[in-house]
Amino acid sequence: MLSPIISFQVITDTHVTNDRDHIHNKHFEQALLDIAAHASNSIGIMHVGDVTDHGLRPEYEEFTRIWEANKAGLPEMLLTYGNHDIFLGEWSSQLKLYESSTGMKGPYYDRWLEGYHFIFLGSEQGLKDFAYLSTEQLDWLDERLGEQASASKPVFLFLHQPLKDTVAGSLEEQGWYGVTQDKELKAILKKHPQTIMFNGHTHWELEAGHTCFEGKGETATIFNTASVAYLWTNEDEYKEGSQGYQVDVYANKIIVRGRDYTTSSWIENEQYELNW
């Protein structure tokens with residue numbers, strides 16, 4: 001079998017606390033150890049937000065401790081933030097703490113890795129659950145999605161909160177959708193159907209269904225990334241567990257595979273193949 005052109009991991013909702021023995025922290029460490037052991041050709045770990053549980057300095061210090069202790073053999077980690085990182089306290093101060101603690105810059109940015117475009121979005125208000133995306137950010141996104149664009153080459157987009165009625169947890173009756181500019185962002189994604197978008201926020205386990213919202217060439221394809229810290233079920237209940245994705249990109253297809261970090265195993269029936 002041919003090797004992928006690039007591979008990367010997508011994780012979200014680590015919810016690191018200031019207690020080094022907390023299960024969230026242990027799950028984060030387990031995820032890093034699993035990635036190091038089973039993804040040696042990875043070009044990056046993409047974190048889709050809720051890095052910490054409350055956006056507090058001691059929590060970021062614990063996040064850094066875990067990363068520094070386990071980063072040997074790992075690629076760089078690129079992050080965006082979630083509502084838990086910014087909604088307690090004044091937004092700009094929370095953003096500065098996030099930036100100084102993670103090395104990331106601004107609420108939104110992009111990177112080119114091995115010829116592929118990776119774009120990260122973030123709320124510009126400290127809302128409890130929703131993301132607020134300014135007109136400037138949306139215009140910037142539209143421009144970046146069109147940069148060196150090709151219908152045959154994917155662009156990878158990361159935003160903590162999901163769009164309404166797309167992936168698990170974002171269905172109206174489930175209540176965990178969360179982009180104030182939902183219609184505006186959907187309109188941009190329709191212009192750029194080569195986009196592959198990853199969301200966090202809901203914690204819905206990958207086995208819950210609606211894991212992948214298929215764009216079918218009409219809009220972006222969107223994935224629910226579950227959570228590293230803990231999971232949520234269709235019965236609206238907490239579930240102990242830790243999950244994420246490995247993404248393998250080939251010349252004419254992308255394979256997205258669900259990973260269980262607590263058992264170091266692939267999640268049965270949670271593999272998606274997108275053809276180009």
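Let's start with the open sheet: it has 6 strands in the order β4-β5-β6-β7-β9-β8, with mixed pairing. Two strands count as paired if DSSP finds at least two bridges between them, and the strands (E, at least two residues) and helices (H or I, at least four) are DSSP runs numbered from the N terminus. Before I go on, this is a predicted model, where local features need pLDDT of at least 70, side-chain atom pairs count only at pLDDT 80 or more, and totals for chains, interfaces and linings use all residues. Residues are numbered from 1 along each chain as its sequence is written, and side-chain values use heavy atoms, with hydrogens and water left out.

Now to the inside. A nonpolar core here is a set of buried Ala, Val, Leu, Ile, Met, Phe, Trp, Tyr and Cys residues joined through side-chain atoms within 4.5 Å. Buried means under 20% relative accessible area, exposed over 50%, and partly exposed in between, with a 1.4 Å probe and protein chains only. The largest nonpolar core has 53 residues, and those with the most contacts inside it are Phe 8, Phe 118, Phe 156, Phe 158 and Phe 198. Leaving aside neighbours within four places in sequence, Phe 8 is in contact (heavy atoms within 4.5 Å) with residues including Ile 43, Met 46, Phe 118, Phe 156 and Phe 158. Apart from that core lies another, of 20 residues, among them Leu 121, Leu 157, Ile 188 and Ile 222.

On to the rings. Rings of Phe, Tyr and Trp (its six-membered ring) pair if their centres lie within 6.5 Å; planes under 30 degrees apart count as stacked, over 60 as edge-to-face and the rest as tilted. That rule gives 18 aromatic pairs. Why is the pair of Phe 28 and Phe 63 called stacked? Their ring centres are 5.0 Å apart and their planes are at 10 degrees, so the pair counts as stacked. Phe 28 is in helix α1 (residues 23–38) and Phe 63 in helix α2 (residues 57–70), 35 residues apart, so this pair links distant parts of the chain. Both Phe 28 and Phe 63 are buried.

Phe 158 and Phe 198 are also stacked, at 5.6 Å centre to centre with 15 degrees between the planes. Because Phe 158 lies in strand β6 (residues 155–158) and Phe 198 in strand β7 (residues 195–199), the pair ties together parts that are 40 residues apart in sequence. Phe 158 is buried, as is Phe 198.

Last, two residues to look up. Asp 13, in the loop between β1 (6–11) and α1, has a positive phi of about 50 degrees although it is not a glycine. Asp 13 is buried, with a relative accessible area of 0%. Asp 50 sits in the loop between β2 (42–47) and α2, and its phi is positive too, at about 55 degrees.
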